[in-house]
Amino acid sequence: MSEMGADQEGIDGVRMTWNVWPRTKVEASKCVIPIAAAISPIRSHPDIPTLPYAPLRCKTCISLLNSFCRVDFAAKIWICPFCFQRNHFPHHYSMISESNLPGELYPQYTTVEYSLSNPGMAPDVAAPQSIPPVFVFVLDTCMIEEELGYVKSELKRAIGLLPENALVGFVSFGTQVQVHELGFSEISKVYVFRGSKEISKDQVLEQLGLGGAGRRAVGGYPKGVQNGFSSSGVTRFLLPASDCEYTLNSLLDELQTDQWPVQPGHRASRCTGVALSVAAGLLGACLPGTGARILALVGGPCTEGPGTIVSKDLSDPVRSHKDLDKDAAPYFKKAVQFYENIAKQLVSQGHVLDLFASALDQVGVAEMKVVVERTGGLVVLAESFGHSVFKDSFKRIFEEGEQSLGLSFKWYAGDQLFKGHQSSGDHWTMLIFGEVVGFLTIEALQKGPSVADTVIGEGSTTSWKMCGLDKNTCLTVFFDISSSERSNPPGTSNPQLYLQFIVSYQNPEGQTRLRVTTVTRRWVDSTVSSEELVQGFDQETAAVVMARLTSLKMETEEGFDATRWLDRSLIRLCSKFGDYRKDDPQSFTLNPCFSLFPQFMFNLRRSQFVQVFNNSPDETAYFRMLLNRENIPNSAVMIQPSLISYSFNSLPAPALLDVASIAADRILLLDSYFSLVIFHGMTIAQWRNMGYQNQQEHQAFAQLLQAPQDDAKLIIHERFPVPRLVVCDQHGSQARFLLAKLNPSATYNNANEMATGSDVIFTDDVSLQVFFEHLQRLAVQS
């Protein structure tokens with residue numbers, strides 16, 4: 001990765017595939033890798049100032065005052081870098097001077113946060129009291145007693161971690177849906193809904209006795225909300241955690257597995273779709289427009305009512321990738337359509353769906369993907385509710401301090417979330433662009449002139465609404481250079497371009513914040529020299545953007561051949577930026593700014609994002625959801641895992657992701673994001689089994705065994721979802737978790753060339769070396 005790409009995030013949380021931009025649409029298309037930005041909207045940084053006043057807007061293009069504006073201190077005027085409009089400072093800025101600048105004009109503060117009273121309110125209006133976070137737990141009871149015991153235990157722990165003022169609701173479901181009235185503490189009071197048919201929002205409100213409660217009061221708050229809490233009608237179902245902890249714990253103690261009889265050879269009747277629909281209706285009636293989360297804990301596939309993914313007959317398997325390709329999954333499209341409707345409802349209400357699925361079989365993550373992604377929800381897929389992947393991940397949601405995920409809620413996305421302009425001499429041309437946001441959380445709010453013709457993901461707008469964000473959320477925006485740009489004589493064009501990202505959100509404390517990030521990059525005439533363009537290439541960001549784009553194309557374009565498309569793109573890139581003599585593969589060299597990119601593409605071709613064989617649709621959907629929302633370093637590890645080697649002869653050091661890195665006297669730690677593998681070489685495993693680490697004279701060996709364990713704990717401590725930890729030995733059955741990720745430089749075809757103690761991979765896949773040889777040959781062809 002180029003140095004320029006390595007420190008791009010900084011205070012702004014913005015990384016781009018190209019850090020200098022070609023001036024024309026034609027030159028941009030020749031770059032092969034799309035011009036895109038990966039944005040972490042609320043990534044925390046100690047240097048971001050919080051300003052306790054409202055921002056100033058340009059009266060023409062409505063961009064906000066920023067450190068790139070030119071200021072005339074004598075006339076008290078600021079000039080917008082986007083449209084060159086001259087704007088007067090209001091009277092409360094009268095004291096500004098070169099030595100007395102407001103925070104947003106300091107050159108180092110390219111990102112600032114404003115503490116707002118309420119979007120759209122006048123600056124002098126008093127801020128309402130912070131609204132507490134809201135959590136509605138939706139629990140599946142169609143599971144064995146042991147699994148239900150695990151999940152109840154974790155729920156009790158979670159309730160104990162909640163802030164005292166957090167509002168809590170509880171819904172359980174099996175064959176039917178039960179909404180528990182926590183405010184009625186004398187006895188357990190439950191409202192039951194049939195799970196076999198779709199229930200409208202109005203029916204939910206009527207049965208719960210909340211008709212009319214969903215109408216909004218003036219000022220953007222729900223009717224009856226006072227000091228952050230609702231009227232008595234609503235608090236029957238949503239109570240502060242401090243008030244209902246005992247009631248909820250008692251309820252969980254009494255809760256049993258679903259008692260509806262299950263015929264032999266059949267699946268349990270599970271109405272997941274109706275349960276989520278009822279929970280969405282409940283929140284819509286109680287707290288529309290307020291940050292709230294539905295946490296669904298699901299232990300199996302939906303077999304009853306809307307959202308069904310498989311029949312109850314166990315002889316019918318859950319749909320596979322092959323079934324989806326052949327259109328032989330009879331429930332799939334109808335279930336996706338149902339969840340799309342729930343997604344629209346939740347997005348309009350501003351609420352989030354988090355999905356925790358724990359089962360050995362599929363549970364319908366592929367169908368529910370649309371509602372989780374569009375609401376910005378979290379997703380965790382595990383084998384059991386007793387597994388650390390679920391338990392530790394679930395706990396992380398409610399923890400505070402360094403472990404906190406920094407969950408923030410929707411407010412609205414501002415007037416223009418993404419905007420950018422090209423400044424050219426005496427005139428300006430709008431270019432953007434904000435054309436695609438990376439596939440998550442989003443509802444397009446409005447169209448405008450600054451949008452590209454090509455739509456990728458959620459396009460045709462420069463404003464988006466998001467229901468949920470966390471500090472690692474990373475969105476991708478694709479940019480399209482305008483083809484209508486007026487040509488300028490050399491030397492008259494402004495060499496700088498500016499982009500401004502505006503995000504308004506409700507933080508975990510219930511306060512509304514407006515984060516404004518303004519970044520600048522340089523235009524370059526790549527027809528004259530491509531050296532500046534090359535130096536501005538960020539290999540890691542480019543690999544992640546290509547992976548996200550490939551995943552989107554595989555889901556939306558019928559018959560899309562991902563491997564061929566990636567190969568062709570890589571060949572075109574190497575032909576454009578490689579240094580070689582025509583038809584001479586031996587002469588081919590790549591600039592160091594591109595040298596890692598082919599290796600990223602090699603691993604992407606082999607990854608679970610492209611190769612769906614041996615993965616269920618649920619697993620593929622899960623992997624892609626995390627790829628689309630995680631930050632660049634984490635996403636890069638998903639594509640190309642990291643490998644660390646531990647041995648007596650050296651300190652822990654990075655190792656090649658190659659089967660040649662395996663040695664009998666070495667321990668390897670593989671981090672593929674979703675799993676961590678501690679792999680013991682054959683000799684190390686034998687010594688450990690003989691107990692040498694317990695002997696005083698072999699303390700060095702004990703330390704060697706402990707070192708990868710300690711490093712793995714550090715990784716687990718920082719990551720969400722918590723990765724699966726696999727500890728295995730060379731030639732053991734679980735060694736496959738490591739071997740599947742390594743470059744097969746040694747296979748059964750050349751096993752005789754391998755050193756003693758190393759390993760081979762039984763595969764016909766090409767190795768990285770063969771891949772490079774083919775790439776060189778094709779890139780230099782006339």
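Helices (H or I, at least four residues) and strands (E, at least two) are DSSP runs, numbered from the N terminus.

**View 1. Overall fold of the predicted model.** The protein has 20 helices and 33 strands. Of its 782 residues, 57% are buried (under 20% relative accessible area; exposed is over 50%, partly exposed in between; 1.4 Å probe, protein chains only). Among contacts (heavy atoms within 4.5 Å) with a separation of 6 or more, 72% join residues 24 or more positions apart. Residues are numbered from 1 along each chain as its sequence is written. In this predicted model, local features need pLDDT of at least 70 and side-chain atom pairs count only at pLDDT 80 or more, while totals for chains, interfaces and linings use all residues; side-chain values use heavy atoms, with hydrogens and water left out.

**View 2. Helix H9, residues 365-374.** H9 is mostly covered, with 9 of its 10 residues buried. The buried residues include Val365, Met368 and Val370, as well as the charged residues Glu367, Lys369 and Glu373. Gly376 follows H9 and has a positive phi, near 75°.

**View 3. The largest nonpolar core.** A nonpolar core is a set of buried Ala, Val, Leu, Ile, Met, Phe, Trp, Tyr and Cys residues joined through side-chain atoms within 4.5 Å. The largest has 116 residues, and Trp18, Trp21 and Phe597 have the most contacts inside it. Helix H6 (residues 272-286) gives the most to this core, 10 residues. Another core, of 36 residues, lies apart from it and includes Met143, Leu155, Leu255 and Leu407.

**View 4. Surroundings of Trp18.** Beyond its neighbours within four places in sequence, Trp18 is in contact with Cys31, Ile33, Pro34, Ile35, Leu533, Gly536, Phe537, Phe577 and Phe594.
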